[in-house]
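Please look over the sequence and the three-dimensional structure shown here before reading on. The report is written for a reader who is new to describing protein models.

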Amino acid sequence: MNLIFLGPPGAGKGTLAAKAVDILTVPHISTGAIFRSAIAAKSPLGLKVKAIIDAGKLVDDETTIELVKERLAQADAQKGYILDGFPRTIPQAEALAGFSAVDKVVNFDIPDSSVLERLGGRRVCRKCGVNYHKVFNPPKKADTCDSCGGEVYTREDDKPEAVQKRLEVYRNQTEPLIDYYRKKGILKDVDARPAVDQVVENFKQSLGL
(Lines give C-alpha, C1' and ligand atoms only; values in the text may rest on other atoms or scores of the structure.)
Protein backbone atom coordinates (compact mmCIF):
# COMPACT_ATOMS: atom_id res chain seq x y z
CA MET A 1 0.00 0.00 0.00
CA ASN A 2 1.36 3.41 -1.02
CA LEU A 3 0.44 6.07 1.55
CA ILE A 4 1.01 9.77 2.07
CA PHE A 5 0.82 11.32 5.54
CA LEU A 6 -0.30 14.97 5.63
CA GLY A 7 -0.50 17.28 8.63
CA PRO A 8 1.26 20.32 10.09
CA PRO A 9 4.60 20.13 11.93
CA GLY A 10 3.93 18.51 15.30
CA ALA A 11 0.91 16.47 14.17
CA GLY A 12 2.86 13.34 15.08
CA LYS A 13 3.32 12.03 11.55
CA GLY A 14 6.77 10.63 12.29
CA THR A 15 5.68 8.84 15.48
CA LEU A 16 2.58 7.43 13.80
CA ALA A 17 4.52 6.38 10.74
CA ALA A 18 6.82 4.32 12.95
CA LYS A 19 3.74 2.51 14.32
CA ALA A 20 2.28 2.10 10.84
CA VAL A 21 5.50 0.47 9.60
CA ASP A 22 4.87 -2.41 12.00
CA ILE A 23 1.23 -2.67 10.92
CA LEU A 24 1.79 -2.51 7.16
CA THR A 25 5.41 -3.79 6.85
CA VAL A 26 6.36 -1.04 4.40
CA PRO A 27 9.14 1.56 4.82
CA HIS A 28 8.57 4.98 6.35
CA ILE A 29 10.13 7.46 3.95
CA SER A 30 10.63 10.84 5.58
CA THR A 31 11.95 13.71 3.52
CA GLY A 32 13.37 15.07 6.76
CA ALA A 33 15.57 11.98 7.10
CA ILE A 34 16.60 12.25 3.44
CA PHE A 35 17.53 15.90 3.96
CA ARG A 36 19.48 15.15 7.16
CA SER A 37 21.47 12.49 5.32
CA ALA A 38 22.37 14.99 2.61
CA ILE A 39 23.31 17.60 5.23
CA ALA A 40 25.45 15.10 7.16
CA ALA A 41 27.29 14.23 3.94
CA LYS A 42 28.10 17.96 3.50
CA SER A 43 27.59 17.65 -0.23
CA PRO A 44 26.78 20.79 -2.24
CA LEU A 45 23.13 19.68 -2.24
CA GLY A 46 23.28 19.02 1.50
CA LEU A 47 24.70 22.48 2.23
CA LYS A 48 21.96 24.03 0.09
CA VAL A 49 19.28 22.08 1.98
CA LYS A 50 20.76 23.11 5.36
CA ALA A 51 20.70 26.81 4.49
CA ILE A 52 17.06 26.61 3.41
CA ILE A 53 15.92 24.68 6.50
CA ASP A 54 17.86 26.92 8.89
CA ALA A 55 15.99 29.89 7.41
CA GLY A 56 12.68 28.20 8.27
CA LYS A 57 11.77 27.71 4.61
CA LEU A 58 10.86 24.67 2.53
CA VAL A 59 13.35 22.97 0.23
CA ASP A 60 12.56 23.77 -3.43
CA ASP A 61 10.43 21.38 -5.45
CA GLU A 62 13.07 20.35 -7.98
CA THR A 63 15.58 19.29 -5.31
CA THR A 64 12.98 17.51 -3.19
CA ILE A 65 11.42 15.64 -6.12
CA GLU A 66 14.84 14.42 -7.26
CA LEU A 67 15.65 13.05 -3.80
CA VAL A 68 12.25 11.36 -3.33
CA LYS A 69 12.18 9.77 -6.79
CA GLU A 70 15.59 8.25 -6.12
CA ARG A 71 14.42 6.90 -2.74
CA LEU A 72 11.21 5.33 -4.09
CA ALA A 73 13.24 3.48 -6.70
CA GLN A 74 15.03 1.49 -3.99
CA ALA A 75 14.13 -2.16 -3.48
CA ASP A 76 12.44 -1.82 -0.08
CA ALA A 77 9.81 0.57 -1.44
CA GLN A 78 8.59 -1.66 -4.25
CA LYS A 79 5.80 -3.26 -2.18
CA GLY A 80 4.58 -0.02 -0.64
CA TYR A 81 5.66 2.97 1.42
CA ILE A 82 4.60 5.71 3.79
CA LEU A 83 5.62 9.17 2.56
CA ASP A 84 6.00 11.72 5.37
CA GLY A 85 6.82 15.31 4.43
CA PHE A 86 6.26 14.86 0.69
CA PRO A 87 4.47 16.11 -1.28
CA ARG A 88 4.18 19.55 0.28
CA THR A 89 2.86 21.42 -2.76
CA ILE A 90 0.55 20.75 -5.70
CA PRO A 91 3.48 20.70 -8.19
CA GLN A 92 5.18 18.08 -6.01
CA ALA A 93 1.97 16.02 -5.93
CA GLU A 94 1.67 16.21 -9.71
CA ALA A 95 5.32 15.21 -10.10
CA LEU A 96 4.83 12.25 -7.72
CA ALA A 97 1.87 11.05 -9.78
CA GLY A 98 4.25 10.84 -12.74
CA PHE A 99 6.43 8.15 -11.14
CA SER A 100 4.33 6.51 -8.38
CA ALA A 101 0.62 5.74 -7.80
CA VAL A 102 -0.71 6.70 -4.35
CA ASP A 103 -3.43 4.52 -2.78
CA LYS A 104 -4.49 6.66 0.21
CA VAL A 105 -3.65 10.02 1.77
CA VAL A 106 -4.04 10.33 5.55
CA ASN A 107 -4.57 13.86 6.85
CA PHE A 108 -3.66 14.14 10.55
CA ASP A 109 -5.73 17.12 11.70
CA ILE A 110 -4.62 19.22 14.69
CA PRO A 111 -5.00 22.92 15.71
CA ASP A 112 -2.00 25.26 15.84
CA SER A 113 -2.25 25.65 19.64
CA SER A 114 -1.70 21.91 20.11
CA VAL A 115 1.22 21.98 17.68
CA LEU A 116 2.97 24.72 19.66
CA GLU A 117 2.54 22.75 22.89
CA ARG A 118 3.85 19.55 21.36
CA LEU A 119 6.86 20.92 19.53
CA GLY A 120 7.98 22.91 22.55
CA GLY A 121 8.77 19.57 24.18
CA ARG A 122 9.92 17.62 21.15
CA ARG A 123 13.35 16.01 21.21
CA VAL A 124 15.03 14.21 18.32
CA CYS A 125 17.87 11.69 18.18
CA ARG A 126 20.82 13.35 16.46
CA LYS A 127 22.01 9.97 15.12
CA CYS A 128 18.93 8.08 13.86
CA GLY A 129 16.19 10.75 13.85
CA VAL A 130 13.73 9.03 16.24
CA ASN A 131 11.27 11.49 17.85
CA TYR A 132 10.67 11.85 21.60
CA HIS A 133 8.80 14.31 23.83
CA LYS A 134 9.95 15.47 27.25
CA VAL A 135 6.41 15.00 28.66
CA PHE A 136 4.49 12.56 26.44
CA ASN A 137 7.24 10.23 25.21
CA PRO A 138 10.60 10.74 26.94
CA PRO A 139 13.53 8.39 26.29
CA LYS A 140 14.14 5.86 29.07
CA LYS A 141 17.50 7.49 29.82
CA ALA A 142 17.67 11.30 29.75
CA ASP A 143 19.02 12.74 26.50
CA THR A 144 19.80 9.26 25.14
CA CYS A 145 17.98 7.47 22.29
CA ASP A 146 16.35 4.17 23.24
CA SER A 147 16.99 2.79 19.74
CA CYS A 148 20.61 3.62 19.01
CA GLY A 149 22.07 5.37 22.08
CA GLY A 150 22.54 8.64 20.19
CA GLU A 151 22.14 12.11 21.69
CA VAL A 152 18.57 13.37 22.02
CA TYR A 153 18.30 17.14 21.53
CA THR A 154 16.02 20.07 20.59
CA ARG A 155 16.26 21.07 16.95
CA GLU A 156 16.54 24.73 16.00
CA ASP A 157 13.32 24.49 13.98
CA ASP A 158 11.41 23.27 17.06
CA LYS A 159 11.95 26.54 18.93
CA PRO A 160 8.77 28.72 19.22
CA GLU A 161 9.66 31.38 16.63
CA ALA A 162 10.67 28.75 14.07
CA VAL A 163 7.55 26.65 14.80
CA GLN A 164 5.26 29.64 14.14
CA LYS A 165 7.04 30.32 10.86
CA ARG A 166 6.78 26.65 9.84
CA LEU A 167 3.04 26.66 10.58
CA GLU A 168 2.52 29.74 8.43
CA VAL A 169 4.44 28.13 5.56
CA TYR A 170 2.44 24.92 5.95
CA ARG A 171 -0.95 26.64 5.96
CA ASN A 172 -0.06 28.71 2.89
CA GLN A 173 1.67 26.10 0.76
CA THR A 174 0.67 22.63 1.89
CA GLU A 175 -2.97 22.79 2.97
CA PRO A 176 -4.16 23.04 -0.66
CA LEU A 177 -3.04 19.41 -0.95
CA ILE A 178 -5.89 18.41 1.35
CA ASP A 179 -8.45 19.68 -1.18
CA TYR A 180 -6.39 18.27 -4.06
CA TYR A 181 -6.47 14.72 -2.70
CA ARG A 182 -10.01 15.00 -1.32
CA LYS A 183 -11.25 15.73 -4.82
CA LYS A 184 -9.46 12.58 -6.00
CA GLY A 185 -11.42 10.58 -3.40
CA ILE A 186 -8.38 9.10 -1.63
CA LEU A 187 -8.08 11.38 1.43
CA LYS A 188 -8.86 10.14 4.95
CA ASP A 189 -9.05 12.57 7.91
CA VAL A 190 -7.70 11.41 11.29
CA ASP A 191 -7.93 13.47 14.51
CA ALA A 192 -4.30 13.80 15.71
CA ARG A 193 -5.09 15.32 19.12
CA PRO A 194 -5.60 12.15 21.26
CA ALA A 195 -2.85 9.97 22.72
CA VAL A 196 -0.71 8.05 20.22
CA ASP A 197 -2.42 4.68 20.78
CA GLN A 198 -5.84 6.17 20.09
CA VAL A 199 -4.63 7.95 16.95
CA VAL A 200 -3.17 4.63 15.75
CA GLU A 201 -6.58 2.99 16.23
CA ASN A 202 -8.26 5.86 14.37
CA PHE A 203 -5.71 5.46 11.59
CA LYS A 204 -6.36 1.71 11.30
CA GLN A 205 -10.11 2.28 11.17
CA SER A 206 -9.74 4.95 8.49
CA LEU A 207 -7.97 2.42 6.24
CA GLY A 208 -10.25 -0.47 7.16
CA LEU A 209 -7.45 -2.42 8.85
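## Basis of the description

This is a predicted model, in which local features need pLDDT of at least 70 and side-chain atom pairs count only at pLDDT 80 or more, while totals for chains, interfaces and linings use all residues. Residues are numbered from 1 along each chain as its sequence is written, and side-chain values use heavy atoms, with hydrogens and water left out.

Helices (H or I, at least four residues) and strands (E, at least two) are DSSP runs, numbered from the N terminus. Contact means heavy atoms within 4.5 Å. A residue is called buried under 20% relative accessible area, exposed over 50%, and partly exposed in between (1.4 Å probe, protein chains only).

## The nonpolar cores

A nonpolar core is a set of buried Ala, Val, Leu, Ile, Met, Phe, Trp, Tyr and Cys residues joined through side-chain atoms within 4.5 Å. In soluble globular proteins, nonpolar side chains tend to be buried together. The largest nonpolar core in this model has 27 residues, and those with the most contacts inside it are Ile4, Leu6, Leu83, Leu96, Val105 and Tyr181. At least two residues of this core come from each of strand S1 (2-6), helix H2 (31-41), helix H3 (44-54), helix H4 (61-72), strand S3 (81-84), helix H5 (90-97) and helix H8 (176-183). Apart from this core lies another, of 22 residues, among them Ala11, Ala17, Val106 and Val199.

Which residues does Ile4 contact, leaving aside its neighbours within four places in sequence? They are Leu83, Phe86, Pro87, Leu96, Val102, Lys104, Val105, Val106 and Tyr181.

## Two helix pairs

Axes are lines fitted to C-alpha atoms, for helices over the stretch in contact, and angles run from 0 to 180 degrees between N-to-C directions. Angles under 35 degrees count as roughly parallel, over 145 as roughly antiparallel, 65 to 115 as roughly perpendicular and the rest as oblique. A crossing is left-handed if the near helix is turned anticlockwise from the far one by less than a right angle, and right-handed if clockwise. For residue classes, Ala, Val, Leu, Ile, Met, Phe, Trp, Tyr, Cys and Pro count as nonpolar, Asp, Glu, Lys and Arg as charged, and the others, Gly among them, as polar.

Helix H6 (residues 112-120) packs with helix H7 (residues 160-173) at an angle of about 140°, their axes being 10 Å apart. The two helices H6 and H7 are therefore oblique to each other, and their crossing is right-handed. H6 contributes Asp112, Val115, Leu116 and Leu119 to the contact, and H7 contributes Val163, Gln164, Arg166, Leu167 and Arg171. By class, this contact has 5 nonpolar, 1 polar and 3 charged residues.

H1 and helix H9 (residues 196-206) pack at an angle of about 50°, with axes 10 Å apart. H1 and H9 are therefore oblique to each other, and H1 passes H9 in a right-handed crossing. From H1, the contact involves Thr15, Leu16, Lys19, Ala20, Ile23 and Leu24; from H9, it involves Val196, Val199, Val200, Phe203 and Lys204. The contact of H1 with H9 has 8 nonpolar, 1 polar and 2 charged residues.

## Buried or exposed?

Val190 is placed in strand S8 (residues 187-191) and, at 2% relative accessibility, counts as buried. Not counting residues up to four places away in sequence, Val190 touches Val106, Asn107, Phe108, Asp109, Val199, Asn202, Phe203 and Ser206.

Val21 belongs to helix H1 and counts as partly exposed, at 24% relative accessibility. Val21 and Ile82 are 61 residues apart in sequence, with 7.9 Å between their C-alpha atoms. Ala101, in the loop between H5 and strand S4 (104-109), counts as exposed at 55% relative accessibility. Leaving aside neighbours within four places in sequence, Ala101 is in contact with Asn2 and Tyr81.

## Backbone features

Most residues other than glycine have a negative phi, and most peptide bonds are trans. The peptide bond from Phe86 to Pro87 is cis, with omega near 0°, and Pro87 is found in the loop between S3 and H5.

Thr25 has a positive phi, near 50°; this residue is in the loop between helix H1 (13-24) and strand S2 (28-30) and counts as exposed at 67% relative accessibility. Asp143 has a positive phi of about 60°. The loop between strand S6 (131-133) and strand S7 (152-153) holds Asp143, which counts as exposed at 52% relative accessibility.
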